Amino acid sequence: MHIDVKGKKSLPRRPRAATVSAMTVVDVAAEHIQTFANDGVVCLRGVVPQEWIDRLLVGVEHTLADPTPRGRLWNRDEQGRESRYDSQVWRTRPEYAAFVFESPLGEIAGRLMQSSRANFFFDAMFARAPGTQFRTPFHQDEPVWSVDGFQTVSSWMPLVPVAKASALEVVRGSHLWDQHFRQPNFGALTGDARDNVAFGDDTVPIPDIEGNRDRFEILSWEMDPGDVMCFNGRAVHGGSGNLPHDRGLKVFNTKWLGDDVRVRFRECGMDPDHSDVMTEVGLKPGDPIGTDLYPEVWSLSA
Ligand SMILES: O=C(O)CCC(=O)C(=O)O
């Protein structure tokens, strides 16, 4: 797999195991890198081959049938339509682990972040039944992660076709806002006490974006399997519901960290809170990201 960054010198190929992605050539154009820097989001078309989508769909079926302790029923509406979530499953699901290490995503993330390396942070799976209207509230990720840094990428990847009206939405340029907001309390959404985060009073609630949509520039795209919406962890995002009665949605998201990211344990509250597992492997506040928990998957020098 080789990514040609248009307008930049070609970089050495990193040898990889023969996999479904090994023959893939992905172009991350200088234009995509610039869009990601300016807007905090870019939609890349056709960068993940169907073989990967098929393998991830197998993984998602397993995850839905046998959720991890982090698996959640996010919402069940009056018609019984469910929205489900699970995360950090890559260590136990071979399809996810293979995708993390062998797909083009690590390199794409590294290039978009303009980082010399990309460390894998965690995976997240979102599944909604056909007709589900439930939308994820607008929020930022990185201000409540157990790390701090600007060079982060979340890669939101639908495994089935999704219309623009049902896709994730990102507020253009919000990754550059000075103000960082506390997350909505997802515990209140799921009704699961394990999700309650007592965010500190000194944190600022997110403005009502949904109620004032005309005051923000909100981006989303109709997407097919193979397309990836990459957004900065500070970008305000939400949505991804509003489904037609005959269409469900399955999404696999991988989260990536770059050069400037450091461990940070936040007194304001964290979601997900990795402070215990980080401490177990010897990571402490201020440390760069590493260890087997957050493997370096791609680097410029490799
Ligand atoms: O797809 C969704 O509903 C939410 C996605 C999200 O918040 C994320 O990927 O960080």
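In which sense do β6 and β16 pair, and over how many bridges? In this predicted model, the two strands pair in the antiparallel sense, and nine bridges join them. One of the residues involved is Ala 127, whose bridge partner in β16 is Lys 250. Strand β16 also pairs with β9: these two run antiparallel and are joined by seven bridges. Here Thr 152 has Leu 257 of β16 as its bridge partner. Strand β16 is mostly covered, with eight of its nine residues buried.

The residues around the ligand are Ala 124, Phe 126, Thr 136, Asp 141, Ser 154, Trp 156, Leu 168, His 237, Ser 240, Val 251 and Asn 253. Sorted by class, this shell has five nonpolar, five polar and one charged residues.

A further group of strands forms an open sheet of four, in the order β7-β15-β10-β13, with antiparallel pairing. Its edge strands are β7 (136–139) and β13 (218–219), each of which pairs on one side only.

Turning to the helices, helix α2 (residues 50–65) packs with helix α3 (residues 94–102) at an angle of about 145°, and their axes are 8 Å apart. On the α2 side the contact is made by Trp 52, Arg 55, Leu 56, Val 58 and Gly 59, and on the α3 side by Glu 95, Tyr 96, Ala 98 and Phe 99. By class, this contact has six nonpolar, one polar and two charged residues.

Helix α4 (residues 105–113) is mostly covered, nine of its nine residues being buried. The buried residues of α4 are Leu 105, Gly 106, Glu 107, Ile 108, Ala 109, Gly 110, Arg 111, Leu 112 and Met 113. Just after α4, Gln 114 takes a positive phi of about 55°.

Key: Residues are numbered from 1 along each chain as its sequence is written. This is a predicted model: local features need pLDDT of at least 70, side-chain atom pairs count only at pLDDT 80 or more; totals for chains, interfaces and linings use all residues. A residue is buried if 20 or more other C-beta atoms lie within 10 Å of its own, exposed if 12 or fewer, and partly exposed in between; C-beta atoms are placed from the backbone. Axes are lines fitted to C-alpha atoms, for helices over the stretch in contact, and angles run from 0 to 180 degrees between N-to-C directions. Two residues are in contact if their C-beta atoms, placed from the backbone, lie within 7 Å. Ala, Val, Leu, Ile, Met, Phe, Trp, Tyr, Cys and Pro count as nonpolar, Asp, Glu, Lys and Arg as charged, and the others, Gly among them, as polar. A residue is near a molecule or strand if its C-beta atom, placed from the backbone, lies within 6 Å of it. Two strands pair if DSSP finds at least two bridges between them.
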